[in-house]
Amino acid sequence: MYTRKEQLMIKALNQAKLAYKKGETPVGAIIVRDGQIISRGHNLKETKKDVTSHAEIEAIRRAARKLGTWRLDGCEMYVTLEPCPMCAGAIIQSRISTLYIGAMDNRAGAAGSAIDLFRIGQFNHRVDVVIGLLFEECGELLKDFFRNARRDADKGYK
């Protein structure tokens with residue numbers, strides 16, 4: 001039986017699977033307020049040809065539109081992969097209260113792997129960060145995606 005937080009991370013994983021089907025790096029995010037999902041997002045960088053179309057940014061934009069404000073006080077984000085510096089900055093600036101992370105990104109993660117933007121600096125807002133929620137499931141989806149991408153590259157597919 002899954003806990004409520006694990007169930008919510010599964011919803012973020014479902015978003016990551018949508019990205020996978022589109023040929024995007026499979027990262028998904030959801031934003032929750034008062035126990036209800038208010039927005040979802042998945043990577044659309046290749047689809048939109050927009051470097052800022054990461055799962056977290058997509059979810060933040062949708063939540064802001066729904067709430068009518070950029071201030072996401074009292075909101076929690078569930079994301080399947082540790083945010084990059086751009087996304088970490090957006091999470092801090094949007095005032096999300098808690099960030100739940102699935103897998104870590106040793107190359108570009110900004111929540112403790114490559115750098116920890118949530119613990120350095122004198123930002124006007126602190127985000128609570130919980131690492132490793134459904135770590136294996138989140139990591140396996142990414143491993144599968146990159147394994148297939150390498151295999152396709154070896155076969156000469158683009």
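**A surface patch and a buried serine**

In this predicted model, I115, I120 and F123 form a nonpolar patch on the surface, with about 240 Å² of accessible area together. Patches consist of residues with over 30% relative accessible area and no salt bridge, nonpolar side chains (Val, Leu, Ile, Met, Phe, Trp, Tyr) being joined within 5 Å. Residues are numbered from 1 along each chain as its sequence is written. Local features need pLDDT of at least 70 and side-chain atom pairs count only at pLDDT 80 or more, while totals for chains, interfaces and linings use all residues; side-chain values use heavy atoms, without hydrogens and water.

I115 is found in the loop between β4 (98–103) and β5 (128–131). With 36% relative accessibility, I115 counts as partly exposed (between 20% and 50%; buried is under 20%, exposed over 50%, with a 1.4 Å probe and protein chains only). Apart from neighbours within four places in sequence, I115 is in contact (heavy atoms within 4.5 Å) with E82, G109, A110 and I120. The C-alpha atoms of I115 and T69 are separated by 29 Å, the two residues being 46 residues apart along the chain.

S39, in strand β2 (residues 36–42), is buried, with a relative accessible area of 4%. A polar atom of the S39 side chain lies 2.8 Å from the backbone oxygen of A59. Leaving aside neighbours within four places in sequence, the contacts of S39 are A29, I30, I31, A59, R62 and A63.

Key. Patches are made of residues with over 30% relative accessible area and no salt bridge: like charges are joined within 9 Å, nonpolar side chains (Val, Leu, Ile, Met, Phe, Trp, Tyr) within 5 Å. Accessible areas come from the Shrake-Rupley method with a 1.4 Å probe; for residues, only the protein chains shown count as cover. A salt bridge is a side-chain nitrogen of Lys or Arg within 4 Å of a carboxyl oxygen of Asp or Glu. Helices (H or I, at least four residues) and strands (E, at least two) are DSSP runs, numbered from the N terminus. A polar contact is a pair of N or O atoms within 3.5 Å; within protein, one must be able to donate a hydrogen and the other to accept it, and residues adjacent in sequence count only if both atoms are side-chain atoms.
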